Structures are given as structure tokens and as C-alpha cells.
Amino acid sequence: MKKLSLLLFCFLNVLALAQKKEDLYTESNIAEYFAEDGTSFKAYDLGTETTSYGMGLILLSSKITGFRYATLGERKKKEAKPKDLKKVIFNVEDSPLIQEKIQIKYVDKEGKLSSDAVESFEFLLYDGKIRLFGADVKECMNGGCGYVYSTFYIQKKDDPFVVLAVKVKSQFSMSSKMGSSLEPIVDAFRVVGGKCTAFSNYLDTFKKDVMQDQKLEENLQKGYKDFYKTELKRLIKEKNIKDLDRNIARKIHGDQEGIFMGIINEYEKNCP
């Protein structure tokens, strides 16, 4: 699990860097594209075309509007539209990294599932009885991009939709909080977990003991801010400040993903 997360970070960082032309046409840069009509093909990955999307004023991610690739033989450049694809598998350090088309719903304040859904391609972080998808959202301005928060989506195996399981900040928010909030995590897991008494009881305990009594959100925020201060000092001393944003993203994403995996493991132990 940790290896997959590190591969995702490495993959996203590679995409952010300008690649030399000859590096694009190597075996390690071959991806497999799975179409909605059941066919598939392999090609050199040339990146994606994106546009920002969200729900209301909340920025969720950068929606992919096109997958650019080059054919293996003639290296002819083409573009596949998201509506025609359902999955892409990238070969990163000899391990597959999967990006799937998903339908995203959210849970409202009353714990009810939204009727509307947003379609997006997101990375699959874990594939079990409950599947976990995740993405890191960055905000770009004046030629530079910085980490804002991580989004996580959960899906019961074979359900036609995923559920947004974090509360993300509006791009207009002046909040000093780092990362997204785990406030809706229990309600999201209740929707996805279904009628499993043992898991429902676990969620009751998690909400009371971990989220309320142990002040999960408050402690996470303190940990993030302490990490920021320590890492900032270290990188200034090492004259390597460019790594600060990436390291903060890894810290926040890793901590939150670990919480999700802990809950998913409880479901897999106790539910069919």
C-alpha cells in the first residue's frame, strides 16, 4: 500500500516536469487504454489535457478532457476522449498504476447521498471490498502550483458510484487549516458499508472515541503545522526549499490515507 502511494507521488511529480522528447518513447512510458466498447490498446503516454472542476464553489480536482498518446509503431500523435475510455493503466517502476473513470457523489449534512454525480478519472489506491480512490489538488497561479488538499473517494465493490469522503475547502476560503477535513468520513462509510452491524458499531466507536474524544481533526492539524515548521527549517538549512510543497503533500496525503485504510480493514475483517 505504501509503495503504491509513493508510486503515485512519483508519477504525479514526473508529469509535472518537462520531459525530453526521447524519454516519451521508452518502454516504461507505455500505458494501456481500455475503451468503453471493451477494446484496449497500448501506446506511449504523452500526458493529459485538463480543466478544473468542482461542486459549487468547491474545487475538487482537475478534470481530464483528453488523454494524449502516440502509437507504438509510427509514433503518430493522437488524443482519446474520456467519454470513450473507462480505465488507463500506467507502467510506473514495473508496477501498474490505475486511473479509472468514476461517478462521484457526496453525503449531505443529514447523512443523505446526493442525487447528482460528477464524472472524473481518479487514481485507484486500494482495491478490496471497499475501494479507495485519491487525488491531490493543486492551485496554480503566476506560473507556479502549490498543494492545497487531498481528496479521497470510497466505493463498495461493484457499486456504480463512489462517495467523496472528505470535506474540501472552497478555493475562496481563507481558512488556515491544512489539507481537507475528515468531517464526513463516518457518514460516507455508513453509506458505502451498508447493513453490516459490526461495522456500524465500529463507526459509532470511531466517531465518539477517535473523532470526538481524541479530537482527531485538531491533532492532525497540529501535526501538519509542526511538520511544516520543522521541514521548512530543515530545507532552508539544506538549501532545498523547492521540496517543501511535495513533502507537505506526502505528509498530509499519507496520514489521511492511513486513516482510510484503517477503517477499510475493519470493514474487510467484519463484513461479507
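Select E100, D127, R131 and K157: these residues are linked in a network of salt bridges. A salt bridge here means a side-chain nitrogen of Lys or Arg within 4 Å of a carboxyl oxygen of Asp or Glu. You're looking at a predicted model, where local features need pLDDT of at least 70, side-chain atom pairs count only at pLDDT 80 or more, and totals for chains, interfaces and linings use all residues. Residues are numbered from 1 along each chain as its sequence is written, and side-chain values use heavy atoms, with hydrogens and water left out.

Now zoom in on R131 and D127. Their closest N and O atoms sit 3.0 Å apart. Is R131 buried or exposed? R131 counts as buried, at 10% relative accessibility, while D127 is partly exposed at 42%. (Buried means under 20% relative accessible area, exposed over 50%, and partly exposed in between, using a 1.4 Å probe and protein chains only.)

Next, pick K83 and D84. Their side chains meet in a salt bridge, 3.2 Å from N to O. K83 is exposed, with a relative accessible area of 60%, and D84 is partly exposed at 36%.

Then hop over to K167 and E183, another salt bridge, with 3.6 Å from N to O. Both residues lie in the loop between β10 (162–164) and α2 (185–193), so the pair ties together parts that are 16 residues apart in sequence. K167 is partly exposed at 45%, and E183 is exposed at 51%. How many salt bridges are there by this rule? The count comes to 17.

Time for a charged spot: select K177, K225, K229 and K233, which gather in a patch of positive charge on the surface. Patches take residues with over 30% relative accessible area and no salt bridge, joining like charges within 9 Å and nonpolar side chains (Val, Leu, Ile, Met, Phe, Trp, Tyr) within 5 Å. Lys and Arg count as positive, Asp and Glu as negative, and His and the chain ends are not counted. Each charge is placed at NZ of Lys, CZ of Arg, CG of Asp or CD of Glu. Click on K225: this residue is in helix α4 (residues 216–237) and is partly exposed at 33%.

Finally, show the whole chain as a cartoon. You'll find five helices and 10 strands; these are DSSP runs numbered from the N terminus, with helices (H or I) of at least four residues and strands (E) of at least two. Of the 272 residues, 42% are buried.

Technical notes:
Areas by Shrake-Rupley, 256 points an atom, 1.4 Å probe, with all protein chains shown as cover.
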